[in-house]
Amino acid sequence: MNSRLPRHETILYLLAFLLALGLRFVRLGELPLTDSEARLALDALSIVRGESPALSSHVAYTNLTAILFFVFGSFNFLARFWPALAGTALVFVPFLFREQIKPNAGILLAFFFAIDPAFVALSRQAGSPILAVTASLLAAGFCFRRQPRAAGVFLAFALLSGPALWAGL
């Protein structure tokens, strides 16, 4: 089977990605953190300071955010960066299932993931379940594409993303 994508399909996936990127990252750090977001951000900040953080079930979020805080400092934008990036990456899930989904339906699904208000809202919250959702869908997609290493990496990331994974399964 020819694995080369038509040019218009590639451009449409790129447009869906740019739309998702804009909806998730524009003015991301302007609102103050909620109590649950602040608790997770403070856990990441305590890792950076060398203190013992509170025991958290969002291991992936806390450690990745600690890396950002260490390099760039602690900002609301950086506290919400990883969920926004994961929500943006959700657009590429239909691309991984392109043998099972027709091209037009896959592109339509990518645009749906880009503009869905629930996914956009989850992507703009620190420590949200979008990390677990995106990582588990990417793991399934790479499993279908017979790429076990990538599937294993995303499955591990999904397991470390918090308890939302279990409700999603």
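**Close-up views of a predicted model**

View 1. The side chain of Ser 161 places a polar atom 2.6 Å from the backbone oxygen of Phe 157. Ser 161 itself is found in the loop between helix 10 and helix 11, the latter spanning 164–168. With a relative accessibility of 1%, Ser 161 counts as buried, because buried residues are those under 20%. When neighbours within four places in sequence are set aside, the residues in contact with Ser 161 are Ser 57, His 58, Ala 60, Leu 131 and Ala 132. Of these contacts of Ser 161, Leu 131 and Ala 132 also take part in the packing of helix 9 against helix 10.

**View 2. Packing of helix 9 against helix 10.** Two packed helices are described by the angle between their axes and the distance between the axes. For helix 9 (residues 130–144) and helix 10 (residues 148–159), the angle is about 160° and the axes lie 8 Å apart. Helix 9 is therefore roughly antiparallel to helix 10, since angles over 145 degrees are classed in this way. The crossing in which helix 9 passes helix 10 is left-handed. Helix 9 contributes Leu 131, Ala 132, Ala 135, Ser 136, Leu 138, Ala 139, Phe 142 and Cys 143 to the contact, while helix 10 contributes Ala 150, Ala 151, Phe 154, Leu 155, Phe 157 and Ala 158. Sorted by class, the residues in this contact of helix 9 with helix 10 comprise 13 nonpolar, 1 polar and no charged residues.

**View 3. Leu 159 in helix 10.** Leu 159 has a relative accessible area of 43% and is therefore partly exposed, as this value falls between the limits of 20% for buried and 50% for exposed. The C-alpha atom of Leu 159 is separated by 7.2 Å from that of Ala 132, although the two residues are 27 residues apart along the chain. Not counting residues up to four places away in sequence, Leu 159 touches Leu 165 and Trp 166.

**View 4. Packing of helix 2 against helix 3.** Helix 2 (35–48) packs against helix 3 (residues 59–72) at an angle of about 60°, with the two axes 8 Å apart. Helix 2 and helix 3 are therefore oblique to each other. Their crossing is right-handed. On the side of helix 2, the contact is made by Leu 40, Ala 41, Asp 43, Ala 44, Leu 45, Ile 47 and Val 48. On the side of helix 3, the contact involves Tyr 61, Thr 62, Asn 63, Thr 65, Ala 66, Phe 69 and Phe 70. By class, the contact of helix 2 with helix 3 holds 10 nonpolar, 3 polar and 1 charged residues.

**View 5. Arg 27, a residue other than glycine with positive phi.** The phi angle of Arg 27 is about 60°. Arg 27 belongs to the loop between helix 1 (7–25) and helix 2 (35–48). Its relative accessible area is 57%, so Arg 27 is exposed.

**View 6. Arg 146, a residue other than glycine with positive phi.** Phi of Arg 146 is near 60°.

How values were computed. Residues are numbered from 1 along each chain as its sequence is written. This is a predicted model: local features need pLDDT of at least 70, side-chain atom pairs count only at pLDDT 80 or more; totals for chains, interfaces and linings use all residues. Side-chain values use heavy atoms; hydrogens and water are left out. Axes are lines fitted to C-alpha atoms, for helices over the stretch in contact, and angles run from 0 to 180 degrees between N-to-C directions. Helices (H or I, at least four residues) and strands (E, at least two) are DSSP runs, numbered from the N terminus. Angles under 35 degrees count as roughly parallel, over 145 as roughly antiparallel, 65 to 115 as roughly perpendicular and the rest as oblique. A crossing is left-handed if the near helix is turned anticlockwise from the far one by less than a right angle, and right-handed if clockwise. Contact means heavy atoms within 4.5 Å. Ala, Val, Leu, Ile, Met, Phe, Trp, Tyr, Cys and Pro count as nonpolar, Asp, Glu, Lys and Arg as charged, and the others, Gly among them, as polar. Buried means under 20% relative accessible area, exposed over 50%, partly exposed in between (1.4 Å probe, protein chains only). A polar contact is a pair of N or O atoms within 3.5 Å; within protein, one must be able to donate a hydrogen and the other to accept it, and residues adjacent in sequence count only if both atoms are side-chain atoms.
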